[in-house]
Amino acid sequence: MTVMRNDVVKALAKVNVRSNEEGLIPEYEVLVNLLPVSLLNAFAESILAAAPERKEEIEAGLVRAAYECGYHTGCGIITSEIFSDVVMPMVTEGAKDILRSAYAAFTAWGWAKSGIVQLKEGQRMTVRAFDYYEADSQGEGLRAYMLRGLNQAFFDLAYADPYPDGMDTFVCRQTKGIEVGDEYGEFVVTPK
């Protein structure tokens, strides 16, 4: 039996993920910054417009920022007491179920309606997202920098060397996007 996504979503939706006055989510001992999605998108568009000749470098930096956040925060979440109490009793397939649970958490906490549609453990993962930060981006081309970085981070946490030595083992590329008129965003994670 594998983790039942809806059970994880329901259980995690009950968990308070709001930060305290210091910006810390006490349950996960991680810092968070709650900014409007429009601000994130406007920031990305502004820096891309300011230096179009450096587009690839800027995009890589935006993905990297999301990756760093996802890798460290993701580790905090999956090693937390709450995750252990709420999710781990449902885990029967190790890393595969923990990875599935990470996407259930995304949905439960309103960060992205996303899930794994194909998984070859430790080698390849395809994720589809029907809502994500950059879905409403006004820029050109595929722009889901946040989800690209987070997909890579989650796969690193699940299948690379233990934290923090497993950083940068995998890479994520976006193949479809709501921001370019596709029905969903699609992301493929593979070894570097």
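## Close-up views of a predicted model

**Figure 1. Phenylalanine 155 is a buried residue.** In this predicted model, phenylalanine 155 has a relative accessible area of 0% and is therefore counted as buried. Phenylalanine 155 takes part in an edge-to-face aromatic pair with phenylalanine 170, in which the centres of the rings are 4.7 Å apart and the planes stand at 80 degrees to each other. This pair links distant parts of the chain, since phenylalanine 155 belongs to helix H6 whereas phenylalanine 170, 15 residues away, belongs to strand S5 (residues 170-176). Phenylalanine 170 is buried, as is phenylalanine 155.

**Figure 2. Aromatic pairs occur at seven places in the structure, which holds seven of them.** One of these is formed by phenylalanine 155 and tyrosine 159, whose rings are tilted, with 55 degrees between the planes and 4.9 Å from centre to centre. Because phenylalanine 155 and tyrosine 159 lie four residues apart in helix H6 (residues 145-159), about one helical turn separates them.

**Figure 3. Three tyrosines, Tyr67, Tyr71 and Tyr163, make up one aromatic cluster.**

**Figure 4. The protein as a whole gives the setting for these views.** The protein contains six helices and six strands, and from the N terminus on these elements follow the order α-β-β-α-α-α-α-β-β-α-β-β. Of its 192 residues, 43% count as buried, while the accessible surface of the protein comes to about 10,200 Å², with 53% of it belonging to carbon and sulfur atoms. Among contacts in the protein with a separation of 6 or more, 59% are between residues 24 or more positions apart.

Definitions and conventions:
Residues are numbered from 1 along each chain as its sequence is written. This is a predicted model: local features need pLDDT of at least 70, side-chain atom pairs count only at pLDDT 80 or more; totals for chains, interfaces and linings use all residues. Side-chain values use heavy atoms; hydrogens and water are left out. Helices (H or I, at least four residues) and strands (E, at least two) are DSSP runs, numbered from the N terminus. Buried means under 20% relative accessible area, exposed over 50%, partly exposed in between (1.4 Å probe, protein chains only). Contact means heavy atoms within 4.5 Å. Accessible areas come from the Shrake-Rupley method with a 1.4 Å probe; for residues, only the protein chains shown count as cover. Rings of Phe, Tyr and Trp (its six-membered ring) pair if their centres lie within 6.5 Å; planes under 30 degrees apart count as stacked, over 60 as edge-to-face and the rest as tilted.
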